[in-house]
Structure formats: structure tokens, C-alpha cells
Amino acid sequence: MNNMNPKSLIVIFGATGDLAKRKLFPSIYKLYQKGKLAEEFAVVGVARRSLSDEEFRSYVKQSVEDSTKQELKNDTFISHFYYHSLDVTNTASYQELKSLLERLDETYNVPGNRIFYLAMAPEFFGTITAHLKSEGLTATNGWKRLVIEKPFGHDLKTAKQLNQEIRKAFSEKEIFRIDHYLGKEMVQNIEAIRFANAIFEPLWNNRFIANIQITSSETLGVEDRGRYYDHSGALRDMVQNHMLQMVALLAMEPPIKLTTDEIRSEKVKVLRALRPIAHDEVDQYFVRGQYGRGVVKGKEVVGYREENNVDPNSNTETFVAGKLMIDNFRWAGVPFYIRTGKRMTEKSTKIVVQFKDVPMNLYYRTSETIAPNLLVIHIQPDEGITLHLNAKKSGETMKTTPIKLDYCNNCIDGINTPEAYEKLLYDCMRGDATNFTHWDEVAASWSFIDPISEVWENTKAADFPNYEAGSMGPKAADKLLQKDGFHWWPIHYNGQ
Ligand SMILES: NC(=O)C1=CN([C@@H]2O[C@H](COP(=O)(O)OP(=O)(O)OC[C@H]3O[C@@H](n4cnc5c(N)ncnc54)[C@H](OP(=O)(O)O)[C@@H]3O)[C@@H](O)[C@H]2O)C=CC1
Ligand SMILES: O=C1O[C@H](COP(=O)(O)O)[C@@H](O)[C@H](O)[C@H]1O
């Protein structure tokens with residue numbers, strides 16, 4: 001196999017759904033356009049509705065054009081797409097799919113390499129993998145890989161059940177659990193910032209860091225995902241996966257090598273070192289919120305309980321703020337604050353590393369306070385790094401003034417950061433599982449999350465809705481930091 005241009009068949013279950021249309025087809029197209037896919041590939045879309053190959057191809061074409069905002073003039077790319085109508089619960093129709101895959105192996109000279117991408121509701125994951133095995137679709141001469149979308153279970157117990165089901169058909173090495181935050185350029189950059197710079201790693205511990213803050217705010221509401229979201233909530237939707245993955249990357253020990261196994265092993269250690277939160281401690285460490293009506297980006301929007309497919313008395317949180325403690329030598333005493341929510345002021349994901357104050361303020365006569373040094377990692381929508389320092393104010397005084405050293409990744413001409421899904425799909429084709437979550441990480445994350453969700457599910461939040469759409473969440477999220485003598489750094493802090 002030419003590892004840089006892997007030959008494979010990609011079978012997408014749920015090919016007529018939102019994820020396939022908005023993310024997967026455009027990503028496959030970009031890989032093709034960049035020459036990262038050999039001509040020896042085919043994509044088979046699977047869903048219940050009846051479509052001909054031609055109809056499916058024009059659907060894929062439209063999705064690519066919507067994403068690139070350009071007409072797709074050449075049909076060669078689209079000709080690699082095929083459609084197979086199948087109800088995943090119907091055993092008989094898998095045989096036809098098997099024959100189609102065998103035929104495409106020959107047509108495209110693919111040596112039996114198969115990616116099964118489950119872009120479907122999670123209740124089908126176990127059924128599909130069982131059928132893939134029982135009907136012989138996984139018995140191939142080449143490699144086989146399973147890409148599985150979130151949510152991976154609803155709690156530790158259901159995640160374990162799901163894992164046992166899929167492990168009957170695929171080994172751990174063949175399972176690629178997607179966390180699309182791990183495909184984001186600046187999330188991947190955390191390792192480089194830490195391990196390729198002599199100036200940060202010596203300071204990266206409880207002697208020099210006061211706290212670390214991770215904010216992932218969204219302006220969108222639940223859109224048309226109310227049915228799923230109302231049973232999930234922000235804790236399961238964002239914290240169990242994306243937020244904890246960022247914590248793990250920030251807090252892990254330097255791995256002995258940048259290989260999949262070594263990185264994963266260090267991340268797992270962090271997740272295991274998270275201080276467990278007992279039921280009666282949840283209020284001390286975590287804050288939940290739900291948006292009411294408000295104005296987002298100048299537009300009036302309804303409250304969460306008025307959204308489609310949401311219970312009008314819903315107790316589901318659309319906002320979470322939390323204080324995480326990592327009980328190990330490096331991080332003892334350093335709070336990691338996280339917050340995420342829907343219908344907030346701005347779409348933004350940022351990490352702020354706040355360093356401890358200088359031991360004494362020599363400028364006390366002229367500058368009342370000295371701003372702490374901050375390292376800000378801008379994940380999205382802007383990508384970059386800002387280091388906030390203090391310098392002497394120009395002129396004769398001995399006053400200090402905050403200054404910034406800025407690096408903007410997506411301001412550099414020629415850098416067109418690939419979308420997370422594009423990178424992750426390519427990694428999967430090449431068999432690189434570094435940026436996918438291992439079962440041990442999933443299990444450790446659920447172990448941490450479960451007590452919090454148990455308390456929240458069993459106690460009605462009397463103050464819901466407790467934040468206005470378009471705000472930065474409930475006041476209690478600010479108090480969480482104030483108790484420790486800190487505050488959230490604004491997502492637009494400019495150091496002045
Ligand atoms: N959309 C997003 O942005 C994100 C989605 N995800 C996850 O990705 C997965 C898919 O999400 P999304 O695309 O939004 O879901 P959609 O509801 O938009 O799509 C579901 C797909 O499944 C097909 N389907 C449903 N039932 C069957 C069946 N019995 N047999 C065969 N096909 C069936 C549907 O097609 P048909 O009706 O024709 O059968 C459709 O193609 C979910 O796990 C979700 O949590 C994760 C992150 C983001
Ligand atoms: O996984 C999810 O992520 C999105 C936010 O992703 P982003 O890349 O736009 O930051 C979130 O909207 C969704 O609810 C959640 O399922």
C-alpha cells in the first residue's frame with residue numbers, strides 16, 4: 001500500500017444525513033483535490049431512502065459545491081460515489097452490499113481495504129457492526145477500520161456495553177472513535193507549543209501556573225437536534241469528550257515519543273488523575289445553565305424550552321462551567337476551569353494559561369498592579385497564540401504596560417487550514433489513530449462525568465432558564481472562579 005495515497009473503499013452509513021452532507025463529502029473532495037486520495041478509491045453511501053447512483057452523485061456534488069461555493073466542473077470525482085439503499089436492521093440486505101463492495105474492489109483495484117464510517121444515530125452502532133461481521137463484510141483480504149461518531153454511550157455503563165458489542169467485530173486497533181476537536185489545527189498545536197519550545201515546559205507546572213481556563217462558546221442553539229440534545233445536555237455533548245480531551249493534552253506529561261500509544265498513555269494518566277467529584281460536591285465544582293430568550297448577534301432568539309423537540313419543562317443544561325483538579329505532582333493545587341455553552345455571546349474556543357504573579361511588585365510606586373502573564377491559545381475561529389507580557393511604558397516614567405506577542409496561524413498567506421474531518425479521515429485511511437480516542441480515555445472520561453450527570457438528572461434546576469441567550473452564561477459561573485480569587489479572562493481580552 002502506498003501509505004500517502006491509501007487505496008480503500010469508504011462505506012458511509014447515514015450517507016443522506018447532516019454530517020455526511022456538511023462534513024464528510026466536502027472533506028473527501030478536499031483530500032481528492034490535494035492528491036491525497038489515489039484514483040483507486042470508491043465511496044458507498046448507505047441509508048434507507050431509495051436513490052439511484054446518479055441521484056446520490058448529484059446530492060454529493062451539491063454538498064461539495066455548497067461547501068466550496070464553486071461549481072464542480074469535472075465529474076471524475078463524483079463518479080467514485082455509489083449508493084446502496086439498506087435498512088441497517090435488515091440482515092438480508094447486507095449480502096447485496098457485500099457483493100457491491102467486492103465488485104468495487106475489482107473495479108478500482110482496491111486490495112480489500114475498507115473503512116466503515118458510522119454517521120448514524122448511536123443506537124444502531126452495535127447492530128451495524130454485528131451484521132458487518134455475521135454477513136462477512138469484515139472478512140476481507142485487506143485492512144478494515146471502523147469510524148464511530150459520538151456520542152460513545154450515555155454513561156460509563158452504556159459505553160461499556162457499546163464497546164463490548166463493537167469489539168466483537170473490530171479490534172481496538174481497528175476502531176477509530178472520532179472526536180473532531182482532535183482534528184483542529186490549534187488543538188494539535190498544543191503539543192508543539194509545549195514540547196517544541198524550551199521556554200514553556202519548565203514553567204508548565206504548579207510552581208508557575210496559577211490556573212488554566214478553557215472556553216468553548218457557541219452562538220448557535222440546538223438547531224434541529226433537540227431530540228438528541230435534550231437527552232444529552234452540554235455535559236455529555238461537549239465536556240465528556242472535547243473539553244476533557246483538551247484538558248488531557250494540556251496536562252499530560254511529555255510522552256517519550258510522539259507516537260499514538262505513548263501519547264494516549266499519557267492522556268489516560270491525566271484523565272485518571274482527575275479528582276473525582278462526589279455527589280454532594282457537585283455544586284462546589286460545577287455550574288449548570290440553560291438559556292432563556294435573548295438576542296444573539298443582533299437577532300432575537302427563543303429560549304431553550306421553546307426549541308423544537310425540547311421538553312417545555314426541560315431540566316437539560318445547555319451550559320456547563322467546572323473546576324477540575326488534577327491530583328498529581330505537576331498539577332496539585334492548579335485549577336483547570338472549563339466552560340461551554342450554546343447561545344452565548346460569541347463563537348469562540350480559547351485556552352488561557354494564567355501564570356502566577358511575580359514574587360514581588362517592584363513597580364508598586366508607579367503601577368498599582370502588574371497584569372499576570374497569559375499564554376492564550378486561540379483554537380477557533382481565529383487560530384493562533386498570544387503571549388501577554390508586561391513592558392515599560394515609553395517615556396521617563398517607570399510605569400509598566402501590558403504588551404502582546406501575537407502569532408496568527410490563519411492570517412498567514414497560503415495557510416488554508418484543513419478542516420478537522422478532512423485531517424481525521426486522512427489519518428484513518430493511513431491507519432494513524434493518534435487523534436482518535438482510545439477506549440481507556442472514553443472510560444476514564446465517563447467515570448469522571450457520571451456522578452455529575454447523576455446529580456443533575458435527579459435534581460430539578462429551579463432557576464432554569466438562568467442565562468439570557470447572547471450572554472456568557474449564568475452568574476454562578478463567574479462566582480466559581482471568584483471563590484478562588486480568579487476571574488474568566490474575556491474571550492476578547494486585548495491586554496489593556
Ligand atoms: N450533524 C453533526 O454536525 C454531528 C453529528 N454527529 C453524530 O453523527 C451521527 C449522524 O448524525 P447526523 O448526520 O446529524 O444524523 P441525521 O439524522 O442527519 O442522519 C441520519 C442518517 O441515518 C440514516 N438512517 C436512519 N435510520 C436508518 C436505518 N434504520 N437504516 C439505514 N439508515 C438509516 C438516515 O437516512 P434515511 O432516513 O434515508 O435512512 C440518515 O442518512 C450521530 O451519531 C451524531 O450524533 C456528531 C457530531 C456532529
Ligand atoms: O460535537 C459537537 O460539537 C459542536 C461544536 O463543534 P465546533 O467544531 O463547531 O466547535 C457542537 O455544536 C455540537 O453540539 C456537539 O455535538
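**Close-up 1. Thr140 makes a polar approach to the backbone of Gly112.** In this predicted model, a polar atom of the Thr140 side chain lies 2.4 Å from the backbone oxygen of Gly112. Thr140 sits in the loop that links helix H4 (125–134) to strand E5 (144–148). Leaving out residues up to four places away in sequence, Thr140 touches Gly112, Asn113 and Arg114.

**Close-up 2. Helix H1 (residues 18–33) bends at Leu24.** The bend is about 30°, and a proline, Pro26, follows within four residues.

**Close-up 3. Several elements cover the buried residues of H1.** Leu19, Ala20, Leu24, Phe25 and Pro26 are among the buried residues of this helix. Ser27, Ile28, Tyr29, Leu31 and Tyr32 are buried as well.

**Close-up 4. Met429 is a buried residue of helix H11 (residues 420–430).** Its relative accessibility is 0%, which is why Met429 counts as buried. What does Met429 contact, leaving aside neighbours within four places in sequence? Its partners are Pro6, Ser8, Ile10, Leu31, Leu37, Ile115, Trp143 and Arg145. One of them, Leu31, is also among the buried residues of H1. Met429 and Leu31 are 398 residues apart along the chain, yet their C-alpha atoms are separated by 11 Å.

**Close-up 5. Strand E11 (residues 319–325) is mostly covered.** How many of its residues are buried? The count is 7 of 7. Both faces of E11 are covered. On one side, Phe319, Ala321, Lys323 and Met325 are buried. On the other, Val320, Gly322 and Leu324 are buried.

**Close-up 6. E11 pairs with strand E8 (residues 286–289) and is joined to strand E12 (residues 335–341).** E8 and E11 are antiparallel, with 4 bridges. Here Phe286 stands opposite Gly322 of E11. E11 and E12 also run antiparallel, joined by 7 bridges. In that pairing, Ala321 stands opposite Arg339 of E12.

Notes:
Residues are numbered from 1 along each chain as its sequence is written. Chains are lettered from A and ligands numbered from 1 in the order in which they are written. This is a predicted model: local features need pLDDT of at least 70, side-chain atom pairs count only at pLDDT 80 or more; totals for chains, interfaces and linings use all residues. Side-chain values use heavy atoms; hydrogens and water are left out. Buried means under 20% relative accessible area, exposed over 50%, partly exposed in between (1.4 Å probe, protein chains only). Helices (H or I, at least four residues) and strands (E, at least two) are DSSP runs, numbered from the N terminus. Two strands pair if DSSP finds at least two bridges between them. Contact means heavy atoms within 4.5 Å. A polar contact is a pair of N or O atoms within 3.5 Å; within protein, one must be able to donate a hydrogen and the other to accept it, and residues adjacent in sequence count only if both atoms are side-chain atoms. The bend at a residue is the angle between axes fitted to the seven residues ending there and the seven starting there.
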